[in-house]
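User: I'd like to learn how to read features off a multi-chain model. Could you walk me through it, one feature at a time?

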Amino acid sequence: MLETFNFRVIIEYLPQFLLGLLATTWISLISFMWALFIGALACMGRLSHLRILNVTAGIFIEAIRSTPLLAQLYFFYFGLPSLGLRLSEYQTGILALSLNSGAYMAEILRAGVQSIDYGQIEAGMTSGLDYFQRLRYIILPQAIGATIPPLLGQTIVLVKDSALLSLISVFELTRAGQLMNSERFMPAEGFFTTALFYLLMYHILKTFSSWWRKKLIFRPAM
Amino acid sequence: MIQFTHVHKWFGKLHVLNDINLTVSAGEVAVICGPSGSGKSTLIRCINKLEPIVSGEILVDGIQVHDKHTSLTRLRAEIGFVFQQFNLYPHMTALDNVTLAPMKVRKTSRKEAEESGMILLEKVGIQDKAKAYPAQLSGGQQQRVAIARGLAMHPKIMLFDEPTSALDPEMINEVLDVMRKLANEGMTMVVVTHEMGFAREVSSHIIFMDQGQIVEVGTPTDFFENPKNDRTRLFLSKILTH
Amino acid sequence: MWLYYFNNLVASFPFFLKGVWTTVIVSLLSLVGGTILGFCIGIGRNSRIRVLRYSLAIYVDFMRGTPFLVQIFIVFFIFPEWGIQLEAFQAAVFSLTLYAGAYISEIVAGGISTISPGQTEAAMSGGLNWFQRLWFVIMPQALRPILPPLVGQYVLLIKDSSVISVIGLTDVTRVGWLTVQRIPEGLMVFGLVGILYFSICYPLIRLSNWFEKRLTIEKWTV
């Protein structure tokens, strides 16, 4: 089969794939930052003692986690216009991705914070540290170290999820492959090249995750 | 019964077994001792091929252990192994632990296997715990079940890899008693241990290992009273002044 | 106007139920197939045969490093080129099974790795062959760490099944997509879609939590 693989066409379309790769990277980056923000808010809501905040955050997280991203994407894509909100496909896509990953990140952050042994906080209290000092020196450093690997995992999911944006006509990596297929009728070349680029991003992120994990081991025990 | 000839093993650059030559005849009890890292655990694990060797030859009852044509199932049926960490199957009762191998490897019927199993459990003094799970047993009891499990296939040889090292002091004797009993019945045994009292009493000969080599071999009397090698003397002085 | 659409939606409910049925059937078939595949692969990753280990690792890497959407495109568009004509339903079940198998294999391999090597050594010393070791000693113990994440993975896979809507299979998401063309109230339509997915997924999420609790009170640990 490989002999019939038309490499010349792939090279011809390479600029488009690279643009798609760039678009995917950019979309993922923006969504990641928003998701982290949303996740942090939802996490604080979930951990709050105020029942209304707790419950609202809980409903948000459960609703997102029990429904597919595609349904959420269509929900916003088809639903927002009837509310009078005319967002571009690109904006809609980022909205859906950010909310979706944000809910998952909220849970990751919550697990990270709750994994810190309460005894540590007590030790901080008895040493005379106030709330913010405890937060800064005891809680945050440990929580961040513990949550980076699962957050990176969620980032990998985010990058793959971004492929769904092609279905609402956003130009990104998968769309580049689809265009090559619809213009040249070469699905093998088109989609395998697409797959290859995703694998590239996947391995870069995985390598970063391993590097971070190794870095953690050398940290002095807290 | 067991014969090591010019056996060598490397772990990367580490020369774990250095020209091991050893003979254990039927009915003998060989005790292997030495400082940690001396290779004694590795040596005993080579006998039933839990560890491979790089060069040399190990014969067990005439069978070449490390030949790739040797049937491991047949070989291991003749050798019972008792681990330092017991390694009992936690999801099975004591009796089931003992009967698993005979039923699946020798295809013995459940009735027969359980009968023989109960006899073995009686032998190690734990028949009333036959239906208990390992988690419900003390360390000493678990290790005795492990010995019964090792005996389940009626092997010709029993190997013990530091059987009492993971036990609390008050439970060591119950295990050693079982081992003494086995020795007196004429079982061929190779035991890696630090229990020198046991060694002096029961062994036919004691093998001292250090840094992968056999430094000295001798009968208990010779070994403890007239150690020939300086390293042996050094080791004994450390271990006997407790 | 809104009420008109609402009545229309209620009238379309049977159509949605058909979508639920499709989602359930496709998910069920893929989960069963994926579980069988996943166990085989997870066990195979521990094999002594190097070629097997490496090829399985590559397979799992590909399935996890690329978006499911791209995988479906590959199966649906490329197979015809190789002479294999698959209906949408067959392509969907096939892709989802392969995808599920890869993720489940990671859970299975992870569960197996929690079993101390001493267990394998004890079984080897008893003379048991690799199959007997696996069946009587390793697997019964490995099921405990495998079951909760496995059910969690089932939930994820049911959500991922929504992607099969792109090749025209009438699952819940596709019914929503088709309906919203007639009833341009995206919020209502996809709100319903969300509720339907929720009712499928939520019981499973509860099951996974129950498993986690129950399997911590094991009969062989005191």
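Predicted model: local features only at pLDDT ≥ 70, side-chain atom pairs only at ≥ 80, totals over all residues.

User: Which side chain does Lys206(A) meet in a salt bridge?

Analyst: Lys206(A) meets the side chain of Asp61(C), at 3.9 Å from N to O. Lys206(A) belongs to helix α8 (residues 187-217) of chain A and Asp61(C) to helix α3 (residues 50-65) of chain C, so this pair joins two chains. Lys206(A) is partly exposed, with a relative accessible area of 34%. Asp61(C) has a relative accessible area of 19% and is buried, because the cut-off for buried is under 20%.

User: And which residue forms a salt bridge with Arg45(B)?

Analyst: That's Glu121(C), with the closest N and O atoms 2.5 Å apart. This pair also crosses between chains, running from helix α1 (residues 40-47) of chain B to helix α6 (residues 117-125) of chain C. Both Arg45(B) and Glu121(C) are buried. Look around them as well: a network of salt bridges links Lys9(B), Arg45(B), Glu51(B) and Glu121(C).

User: Moving up to whole chains, which pair shares the most contacts?

Analyst: There are 2 pairs of chains in contact, and chains A and C share the most contacts. Chains A and B do not touch, and their nearest C-alpha atoms are 24 Å apart.

User: What does chain C look like in terms of helices and strands?

Analyst: Chain C has 9 helices and 0 strands. Its C-alpha atoms fill a box of roughly 75 × 50 × 25 Å along the principal axes. Of the 222 residues in chain C, 53% are buried. For contacts in chain C between residues at least 6 apart in sequence, 76% join residues at least 24 apart.

User: What about the surface and charges of chain C?

Analyst: Chain C exposes about 10,400 Å², and carbon and sulfur atoms supply 69% of that. It carries 15 positive and 10 negative side chains, with the centres of the two sets 8 Å apart.

User: Why is helix α3 of chain B described as largely enclosed?

Analyst: In helix α3 (residues 94-105) of chain B, 9 of the 12 residues are buried, so the rest of the structure largely encloses it. Among them are Leu95(B), Asn97(B), Val98(B) and Met103(B). The buried residues of α3(B) pack against α4 (110-123) and α5 (139-151) of chain B, together with α7 (130-160) of chain C. Just after α3(B), check the backbone: Lys107(B) takes a positive phi of about 60°.

User: Now a loop residue. Is Thr164(B) buried or exposed?

Analyst: Thr164(B) sits in the loop between β7 (157-161) and α6 (169-184) of chain B. At 4% relative accessibility, Thr164(B) counts as buried. Leaving aside neighbours within four places in sequence, Thr164(B) is in contact with Ile172(B), Val175(B), Leu176(B), Thr193(B) and Glu195(B).

User: Last one: which residues make the nonpolar surface patch?

Analyst: Trp26(A), Leu29(A), Met33(A) and Tyr90(A) make this patch of about 430 Å². Helix α1 (residues 7-47) of chain A gives the most to it, with 3 residues. Trp26(A) lies in that helix, and its relative accessible area of 49% makes it partly exposed.

Notes: Residues numbered from 1 in each chain as written. Chains lettered and ligands numbered in written order. Heavy atoms only, no water. Patch = residues over 30% accessible without salt bridge, like charges linked within 9 Å, V, L, I, M, F, W, Y side chains within 5 Å. Areas by Shrake-Rupley, 256 points an atom, 1.4 Å probe, with all protein chains shown as cover. Salt bridge = Lys/Arg side-chain N within 4 Å of Asp/Glu carboxyl O. Helix = DSSP H or I, 4+ residues; strand = E, 2+ residues; numbered from the N terminus. Buried < 20%, exposed > 50% of the residue type's maximum accessible area, 1.4 Å probe, protein only. Contact = heavy atoms within 4.5 Å. Lys, Arg positive; Asp, Glu negative; His and termini not counted. Charge placed at Lys NZ, Arg CZ, Asp CG, Glu CD.
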